[in-house]
Amino acid sequence: MLKTARDPGITNVRNTASPHWRRWLGVEHRCLVPMTAFAEPARGPDGKSRNQWFAPADPDQPMFFAGLWTSWTSVRKLAEGEVTADLYGFLTTEPNTIVAPIHPKAMPVILTEPEEWDLWMTAPWPDAKRLQRPLADGLLQLVGE
């Protein structure tokens, strides 16, 4: 019985028009997740999968993922059974020119300015949704190549 109730979880939120996500778009479920780097899977020259890391081009530039969080009850691991945990997922959007060659479908929504942080955390959804766009080119760099 537990096996059919297992919830593998979703960490990326892209289709905010989906009824699945709409219930969590209000300010009470929004969060900012500090980031110093993130990775996307990439194929190396040898054909093996590896992580390609991205970091701020300016290491002094604070960056945050736009996130959604909620308390969720599910079976994440069969050995634990049903648990309630505070979980979050990242809002995603189409990739900018640095991310697209590695991950052509999406990138996290990254907020860099205090005005954006405030808008994400306090604005009604129609206004906050405008932040679901790629980070401007030139603000990220490839690292670990």
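**Sheet, cores and one exposed proline**

In β9, Val 143 is the bridge partner of Trp 53. Let me start from that pair. Keep in mind that this is a predicted model.

The strand joined to β9 here is β4, residues 49-56. Four bridges link the two, and they run antiparallel. Now the whole sheet. It is open, with three strands in the order β3-β4-β9, and the pairing is antiparallel. Which strands stand at the edges? They are β3 (38-43) and β9 (140-143). Each has a single partner strand, so one side of each is left without a neighbour in the sheet. On average, neighbouring strands are turned by 35° against each other, direction ignored.

Next, the nonpolar cores. The largest one has 16 residues. Ala 66, Leu 91, Leu 111 and Trp 120 have the most contacts inside it. The largest share, three residues, comes from β5.

What is Leu 111 in contact with, leaving aside neighbours within four places in sequence? Among others, Leu 32, Pro 62, Met 63, Phe 64, Ala 66 and Trp 120. The list also includes Glu 116, Trp 117, Leu 131 and Arg 133.

Last, a loop. Pro 104 lies between β6 (82-93) and β7 (107-108). Is Pro 104 buried or exposed? Exposed: its relative accessible area is 65%, because the cut-off for exposed is over 50%. Pro 104 and Phe 38 are 66 residues apart along the chain. Their C-alpha atoms are separated by 15 Å.

Key
Residues numbered from 1 in each chain as written. Predicted model: local features only at pLDDT ≥ 70, side-chain atom pairs only at ≥ 80, totals over all residues. Heavy atoms only, no water. Core = buried A, V, L, I, M, F, W, Y, C linked by side-chain atoms within 4.5 Å. Buried < 20%, exposed > 50% of the residue type's maximum accessible area, 1.4 Å probe, protein only. Contact = heavy atoms within 4.5 Å. Pairing = 2+ DSSP bridges. Axes fitted to C-alpha atoms, helices over the stretch in contact; angles between N-to-C directions.
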